[in-house]
Amino acid sequence: MNRNFITAGVLTLAVISANAQNINGAGATFPYPIYSKWFSEYNHQHPNVKINYQSIGSGGGIRQVTEGTVDFGASDVTMTDEQIAQAKVKVQAIPTVLGAVVPVYNLPGVNKELNFSGDVIADIYLGKITKWNDGRIAKDNPGVNLPDKPILPVYRSDGSGTSFIFTDYLSKVSPDFKSKVGAAASVKWPTGIGQKGNEGVAGMVRQSPNSFGYVELIYALQNKMSFGSVKNATGKFVRASTDGVTAAAAGAAKTMPEDYRVSITNAPGATSYPISSFTWLLIPTHSSDASKRGALKDFLTWMLDHGEAEASALSYASLPKQVQDMVRKTVAQIK
């Protein structure tokens with residue numbers, strides 16, 4: 001009896017091993033904290049499926065998935081028509097959650113949360129505002145004793161969806177920034193120092209007094225960094241929160257296009273946080289590996305059924321119901 005039991009156990013392990021799936025993906029650092037949690041939980045519930053993910057930046061994610069070197073990509077910037085046309089592998093963008101990009105700073109002696117207008121942030125990166133006690137920063141922060149110290153701007157050096165969200169917002173509120181820098185995952189910054197990933201920018205700002213940068217909200221919270229409120233389209237200074245991101249997405253959710261390519265920076269609404277965005281997984285529309293395709297589709301369904309409920313715990317906003325309903329239909333069409 002024992003030998004039969006052992007034999008059955010060996011056969012069971014052999015079946016699990018034969019059906020095991022290693023799925024490899026790469027891309028955005030913006031959603032890495034929640035993707036890491038999701039992939040771990042999904043593997044715990046589905047031991048035969050292991051999803052490996054490298055947070056290399058949105059540019060790398062788009063490049064690798066469209067060249068067919070990974071099973072899926074991830075990006076915080078929607079693919080351009082040119083990228084779609086040139087892709088060796090056709091992909092479907094699937095929105096997963098929403099998040100916020102926040103202006104972070106390291107200002108010794110200043111303990112009050114600062115306010116930042118979009119045009120002020122733009123001019124810091126254009127090199128027009130160089131001192132912390134500049135009159136325009138002071139105007140937005142009455143009563144704060146700002147130091148007469150030079151500002152060290154920090155930016156992303158890699159192809160970054162976080163940079164796209166940030167520059168997309170700045171291009172909407174500053175014509176000068178739009179004409180001189182523009183909105184893209186990778187831009188030529190007029191001033192400052194570059195760092196790789198949200199982790200790199202967060203680390204540089206934390207260790208550099210008088211520095212200023214931008215990271216995804218969860219990185220600021222996890223690293224206990226100071227971050228400012230940002231003036232929205234109605235003229236109100238709003239601190240980043242899941243509620244503010246959800247408010248920014250409200251209008252887009254009602255008119256979401258089938259390809260999910262939409263920008264919600266500087267969205268209307270008194271409570272909208274202005275530097276908000278969807279983030280997307282990039283899933284090949286056709287796959288020769290039926291088992292991997294099936295596993296990815298099952299994960300996406302699991303994400304909608306279970307993962308979305310965990311978004312707020314990591315300072316992301318879950319997809320609006322209208323968008324979740326659209327995504328379910330899109331997932332069903334992946335072949």
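Modeller: Axes here are lines fitted to C-alpha atoms, for helices over the stretch in contact, and angles run from 0 to 180 degrees between N-to-C directions. Helices (H or I, at least four residues) and strands (E, at least two) are DSSP runs, numbered from the N terminus. The model is predicted, so local features need pLDDT of at least 70 and side-chain atom pairs count only at pLDDT 80 or more, while totals for chains, interfaces and linings use all residues. Residues are numbered from 1 along each chain as its sequence is written, and side-chain values use heavy atoms, with hydrogens and water left out.

Biologist: What makes α12 roughly antiparallel to α13?

Modeller: The axes of α12 (residues 290–305) and α13 (residues 321–332) cross at roughly 165° and come within 10 Å. Angles under 35 degrees count as roughly parallel, over 145 as roughly antiparallel, 65 to 115 as roughly perpendicular and the rest as oblique. The angle of roughly 165° is over 145, and α12 is therefore roughly antiparallel to α13.

Biologist: Is the crossing of α12 and α13 left-handed or right-handed?

Modeller: The crossing of α12 and α13 is left-handed; that term applies if the near helix is turned anticlockwise from the far one by less than a right angle, and right-handed if clockwise.

Biologist: Which residues make the contact of α12 and α13?

Modeller: With contact meaning heavy atoms within 4.5 Å, α12 contributes Lys-297, Leu-300, Thr-301, Leu-304 and Asp-305, and α13 contributes Gln-324, Val-327, Arg-328, Val-331 and Ala-332. The classes are five nonpolar, two polar and three charged residues, where Ala, Val, Leu, Ile, Met, Phe, Trp, Tyr, Cys and Pro count as nonpolar, Asp, Glu, Lys and Arg as charged, and the others, Gly among them, as polar.

Biologist: Why is α5 called roughly perpendicular to α7?

Modeller: The axes of α5 (residues 118–125) and α7 (residues 161–173) come within 9 Å and cross at roughly 110°. That angle falls in the roughly perpendicular range, so α5 is roughly perpendicular to α7. The crossing is left-handed. In α5, Gly-118, Asp-119, Ile-121, Ala-122 and Tyr-125 meet Phe-166, Tyr-169, Leu-170 and Val-173 of α7, which gives seven nonpolar, one polar and one charged residues.

Biologist: How do you know that α2 is roughly perpendicular to α12?

Modeller: The packing angle of α2 and α12 is about 110°, with their axes 11 Å apart. By the range already stated, α2 is therefore roughly perpendicular to α12. This crossing is right-handed. Trp-38, Phe-39, Glu-41, Tyr-42 and Gln-45 of α2 meet Ala-295, Asp-298, Phe-299, Trp-302 and Met-303 of α12.

Biologist: Why do Tyr-35 and Tyr-53 count as buried?

Modeller: Buried means under 20% relative accessible area, exposed over 50%, partly exposed in between (1.4 Å probe, protein chains only). Tyr-35 has 0% relative accessibility and Tyr-53 has 12%, so both are buried.

Biologist: What makes the phi of Asn-210 and of Ser-315 worth a remark?

Modeller: Asn-210 has a positive phi of about 70° although it is not a glycine, and Ser-315, also not a glycine, has a positive phi of about 65°. Asn-210 sits in the loop between α9 (197–207) and β8 (211–216), and Ser-315 in the loop between α12 and β13 (317–318). At 15% for Asn-210 and 14% for Ser-315, both are buried.

Biologist: How do you know that Met-225 is buried?

Modeller: Its relative accessibility is 10%, which is under 20%. Met-225 lies in the loop between α10 and β9 (226–227). Beyond its neighbours within four places in sequence, Met-225 is in contact with residues including Val-104, Ala-202, Val-205 and Tyr-219. Ala-202 and Val-205 are among the buried residues of α9.
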